[in-house]
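Open the model in your viewer and keep the sequence panel handy. We'll hop from one selection to the next and look around at each stop.

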Amino acid sequence: MASRTYHDPLHRGISLDANDPAEAMVLSLVDSSPFQRLRRIRQLGPAFLTFHGAESSRFTHSLGVFSIARRAMERLKTLDPSLEQQRGVLYGAALLHDLGHAPLSHTGEEMFGTHHEQWSARVIREHPQIRDSLDNYASGTADAVADLLEHGQAERGVIKSLVSSQLDCDRLDYLLRDSYSTGARYGQLDLDRILAAITLAPDGELAIHPKGLMAVEHYLVVRNLMYRSVYNHRLNVMCNWLLERLIQEARHLGPDRIWTDSTMHRWLWETERLDLNSYLANDDLRIGYHLQRWQAEAPAPLASLCDRFLNRQLLKALDVSSLHTSDRLELLAAAQTMSESVGLDPTLCCGLRQHQLHGYHPYRGGLRLWDGHSLRALEQESALVSSLATPAESAWLIHPREIAAELKARVRQEVSPL
């Protein structure tokens with residue numbers, strides 16, 4: 001196996017040395033069919049309909065997470081050389097953390113009711129290319145990586161934190177990458193300064209040196225802004241609802257009324273019994289082909305949903321975050337009635353999506369500052385971080401453009417003047 005370099009727009013050259021056992025393992029994993037499948041899974045699902053540059057893949061992202069994890073490991077090994085023993089587990093987990101994603105990434109999970117952490121662990125345990133690559137590096141590596149991804153279990157807590165925490169390599173890469181691909185400048189963060197500031201607390205867990213406090217504050221603000229401006233963008237929320245509704249309609253129609261291949265049949269009507277090969281056979285290409293077939297051949301309700309998505313005839317989304325839950329539901333009922341009055345089926349064009357965003361969880365693996373003398377909770381030292389711990393709620397009322405003006409007038413009546 002030859003060494004190689006992946007030229008990444010963010011991390012520049014990601015070089016892998018075939019003479020280094022841990023990096024040779026990574027090379028073998030990258031060449032496996034389950035990892036190559038990630039080239040066919042969009043990182044941001046249907047967000048390309050909102051941000052035309054959002055075409056990057058889970059493959060690209062996963063390589064980026066590995067690159068950051070390798071840099072973090074080199075930094076922490078200078079503080080604790082025994083961490084070298086964990087290099088294979090860290091590299092494997094960082095690279096394979098998204099291995100089990102459904103088509104269209106997180107949107108696919110909502111569409112089909114899958115959980116990528118569980119499927120990532122299953123692929124690692126059961127697929128011979130993946131398991132053999134890991135265990136050929138060191139016996140037991142495959143199970144250790146699977147346990148880390150599925151259950152958060154690791155021999156060293158710092159390794160778990162680098163893979164999944166409030167400051168992990170996954171988040172660092174996806175914020176940078178998603179900002180780059182969508183053109184949203186909010187996602188710029190100081191990766192070099194953050195990596196220079198990570199350290200080990202006296203208990204061996206991950207901590208931040210105070211010199212990196214502002215870089216970490218900036219990172220947490222960036223994450224909050226990216227959720228508000230990209231991940232929970234009104235059109236992205238609407239597209240997620242549209243795709244979920246589309247799959248519900250396909251399942252409702254049943255296999256006797258719509259065409260599917262054997263893989264999609266299992267995904268639609270045998271999800272509880274999906275085998276490994278059928279799971280890995282599905283990707284964005286297969287989903288896209290089925291949407292095209294259904295647009296042309298399926299009964300009208302499903303065909304119209306597919307047409308909306310494929311030709312970007314999108315529904316509208318109205319911000320109703322300021323309304324009480326009961327008022328939101330009343331408004332949804334009103335939107336359904338209005339839609340019927342203009343000849344539209346409200347079940348295909350009206351919905352309500354509500355989200356809660358936590359910018360920071362002080363009690364869920366909260367970050368800590370360590371200056372070599374005292375260990376302090378991050379939120380106790382930063383009023384900015386403390387403010388991010390308060391959850392913010394967003395709510396969007398999905399509706400057809402034909403009733404947009406009437407619906408906005410109704411909302412203005414619902415909102416009392418300050």
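**Stop 1: strand β9**

Select residues 392–399, which make up strand β9: this strand is mostly covered, with six of its eight residues buried. Buried here means under 20% relative accessible area, while exposed means over 50% and partly exposed is in between (1.4 Å probe, protein chains only). Helices (H or I, at least four residues) and strands (E, at least two) are DSSP runs, numbered from the N terminus.

A word on what you're looking at: this is a predicted model, where local features need pLDDT of at least 70 and side-chain atom pairs count only at pLDDT 80 or more, while totals for chains, interfaces and linings use all residues. Residues are numbered from 1 along each chain as its sequence is written, and side-chain values use heavy atoms, with hydrogens and water left out.

Two strands pair if DSSP finds at least two bridges between them. Show residues 316–319, strand β5: four bridges join β5 to β9, and the two run antiparallel. To find one of these bridges, click Lys 316 and look across to His 399, its partner in β9. Next show residues 351–357, strand β6, which is also antiparallel to β9 and joined to it by seven bridges. Here, pick His 355 and you'll find Ser 394 of β9 opposite.

**Stop 2: the second largest pocket**

Which element gives the most to the lining? That's β9, with four residues.

The pocket has a volume of about 200 Å³. Grid points are joined across faces, edges and corners, and the volume is the space filled by probe spheres set on the points.

**Stop 3**

Jump to residues 116–126, helix α6, and colour its buried residues: His 116, Trp 119, Ser 120, Ala 121, Val 123 and Ile 124. Their cover includes α2 (33–36), α4, α5, α7, α8 (141–151) and α15 (276–281).

Zoom in on Ile 124. Along with Trp 294, Ile 124 touches the most other members of the largest nonpolar core, which has 136 residues. Such a core is a set of buried Ala, Val, Leu, Ile, Met, Phe, Trp, Tyr and Cys residues joined through side-chain atoms within 4.5 Å.

Step on to His 127, in the loop between α6 and α7 (128–137). Is His 127 buried or exposed? His 127 counts as buried because its relative accessibility is 11%. Beyond its neighbours within four places in sequence, His 127 is in contact (heavy atoms within 4.5 Å) with Ser 33, Pro 34, Arg 122, Leu 276 and Leu 280.

**Last stop: a loop with positive phi**

Select Leu 104, in the loop between α4 (87–96) and α5 (106–112). Leu 104 isn't a glycine, yet its phi is positive, about 65°. Ser 105 is in the loop between α4 and α5 too, and its phi is also positive, near 55°. Most residues other than glycine have a negative phi.

Technical notes:
1 Å grid on protein atoms, 1.4 Å probe; cavity = no way out; pocket = protein on both sides within 12 Å on 5 of 7 lines; lining within 4 Å.
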